[in-house]
Structure formats: structure tokens, C-alpha cells
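Here are a few exercises to work through with the model open beside you. Try each task before you read its solution.

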Amino acid sequence: MAMLPVTGPTAPTTGLPEPTVTARGPGRRTAALSRLTSAVRSNRKATVGTVLLLLFTIVALVPGLIAHDSPTATIYPRSLGPSAQHWFGTTALGQDIFAQAVYGTREVLIIAIGVGLFSTGVAVLIGVAAAYLGGAWDGVLGLITDVLLVIPLFPLLIVIATYVQNAGTAVLVAVLTLTGWSYTARQLRSQALSLRKRDFLEAARVRGERRMYIVMVEIIPTMTSLIVASFLTNALYAVLFGSSLQFIGLGDPNSVSWGTMLYWAENNEALQTGQYLWAIVPGALIALLGAAFALLNYAFDEIGNPALRPLRRKKVPRRTRAKQIA
């Protein structure tokens, strides 16, 4: 009689399926990050926008490693042209234009990110709360939102900023936040209304969850893509309107920013006296940073909504193409 070889102890069979291990914690976050990274790489707009924004962030974090001159020192010859010592020349006040452009990046980014975060946060709370609570809450919050929507924005900014002359960065962030959340709140309210009668919200109400819990835990996480797009839109709005306020002299003229560079260039007639780079450089940087936020905004719309993605032609191998022609 043949004996079967013994390979070791075997576990008893129970007929039940083996338990599966679900990735949690760092594993889930790593998977989400990898999906986001692959989505950004596959979208050209997201790739260009991310690269531009990373470059500006690095410049804002370590300006002293890039520009070795002081942006406020008036120790150089006035109205110099571009040279090896002064890449973009000097101003009519004897300041290095390249150093001002580099050091001015930090203030512009602080305003953009600060206004983007605060405006989006206010819009999320007001828009989602108005949609979910309904009744008198929706009427009051909707009225406040509609009033801000119909008021011309830039004249309102000028009126507010006029009362706070020489406004610093914090004041500019507060003013732009106060006037910049209404459009985003209207968008988020419309999205929250479409979720109001969903089954998972009804289940949360049946469980007896509080309204604030339902808004913060159940509704807001389902609107992540729209909230990210709203943040990018508000950041773009802050770059353009913040620089515009500084350009017309409603910011702090002694601060180092792209808007104040344009302000002093205009006051000293840079274009009329042939100092073109003094006005062109900050304007080009504002356009590039605005383009970075705009490209990321368009890219997230395409990533979140497949209907917005452009159609791409598939590459046909040469051999297949030759057979088709033959």
C-alpha cells in the first residue's frame, strides 16, 4: 500500500471564506495619493499648472537663495538696463527689479492661498447649511448671498479698501474674503440641494444624527471635487483683484509685491521712460500665476467629469497602418 508524503500540518477546512484584509490608514492614503498623482500626470493642463505652482512656491519659500540683492535697498545706480549683476535692471529709485520680483512672490501667494481657503470655507458653511437646513435659514442666507452677487465687485472693493488706507496683507485677505465667497456659495448650495434627499442622508436622519454632523461628515465630503475647484477659482480671483488693488494704490505701497511694483512703475512713468521691464516683469508673473490656478481648475473639472475630457486619437502602429493602406 503506497503511503502519501507528509508535507506538514494542514489547517482544518471549515467551508467558510477566508477573511480579506482591507487597507486602512496609511495604505488608503497612499492609494488615494497615487491615483491623484496618476490623474495629474495624465492631464497636460494639470501637469503644467502643478509645475508652475511648485516653481512659484519654491521661490516664495527660499527667495534669498535665488535673489541675493535686497528688494528695498536703494543703493544701486538708477534706471540701469539688464546686465549680469541686475538681470532685469534697476528701478528709477535704484532698486533691483529681479530681487523685487522674487521677494514679491511670497506676498502674492499668501494672499492667493489665504483668500482661497477662507472664501471657500465661508462659502461651504453658508451654501451647504442654507441648502440642507432650508426654511428661514435658506431664505436669510440666500438673501445675503444674492445681495453680494448683484453688487459690482471691483467698485465695492475700491470703496472698502479706501477706508483702510495702506492696507497690509491681512487686511487685503479680509477684504477679498468678505467680497469673494458669494458666487462659490451659490454653486455649493445648488450641489447640496441635489444631495438633500439622498438615501444616505435619510439614513443619518433616522439614526438621529445632529444637523451639523450631517452637514460636516455626510454632505461636505461628497463635494470634494467641487470644493477644490472653488478654492482654485477663489485663489485666481485673489491674485488678480489683490494685485489690482495694490496697483491703484489701495494696498501698502511700502510692501514688496507684484502689485506694488506696478504701482511704483506707473508713478515713475516706467513705460514712457523706456524702463519696460519694470512694468512687464510683474505683469507677466501675475499672468503666469493666474494661469497656473486656471489650468489646475480646468484640469480638476476634466478629471472629475469625464464628459469634459478632450477626445484623443489613439496611435496606430506603423505596421497596422501600412496594412490598412495596402
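Helices here are DSSP runs of H or I with at least four residues, numbered from the N terminus, and the expected span of a helix is 1.5 Å times one less than its number of residues. You're looking at a predicted model, where local features need pLDDT of at least 70, side-chain atom pairs count only at pLDDT 80 or more, and totals for chains, interfaces and linings use all residues. Residues are numbered from 1 along each chain as its sequence is written, and side-chain values use heavy atoms, with hydrogens and water left out.

**Exercise 1.** Work out what span α8 should have, and compare it with the distance between its end C-alpha atoms.

*Solution.* Start with the 14 residues of α8: at 1.5 Å a residue, they should span 20 Å. Next, check the ends: the C-alpha atoms there are 20 Å apart, which agrees.

**Exercise 2.** Find the buried residues of α8 (buried means under 20% relative accessible area, with a 1.4 Å probe and protein chains only). Which elements cover them?

*Solution.* First, list them: Ser182, Thr184, Ala185, Leu188, Arg189, Ala192 and Leu195 are buried. They take up an arc of only 140 degrees around the axis, which places them on the same side of α8; the arc is that of the directions from the helix axis to the C-beta atoms. As background, an α-helix has 3.6 residues a turn, so residues three or four places apart point the same way. Finally, look at the cover, counting heavy atoms within 4.5 Å as contact: it includes α4, α5, α7 (169–180), α9 (199–206), α10 (211–219) and α11.

**Exercise 3.** Which element gives the largest share of the lining of the second largest cavity?

*Solution.* Begin with the lining: Val108, Ile111, Ala238, Val239, Gly242, Ser243, Gln246 and Ser257. Both α4 and α11 (224–247) supply at least two residues, but α11 gives the largest share, 5 residues. This second cavity holds about 40 Å³ of space.

Definitions and conventions. On a 1 Å grid over the protein atoms alone, a cavity is a set of points where a 1.4 Å probe fits but cannot get out, and a pocket is an open set with protein on both sides within 12 Å along at least five of seven lines; lining residues have an atom within 4 Å of a point. Grid points are joined across faces, edges and corners, and a volume is the space filled by probe spheres set on the points. Buried means under 20% relative accessible area, exposed over 50%, partly exposed in between (1.4 Å probe, protein chains only).
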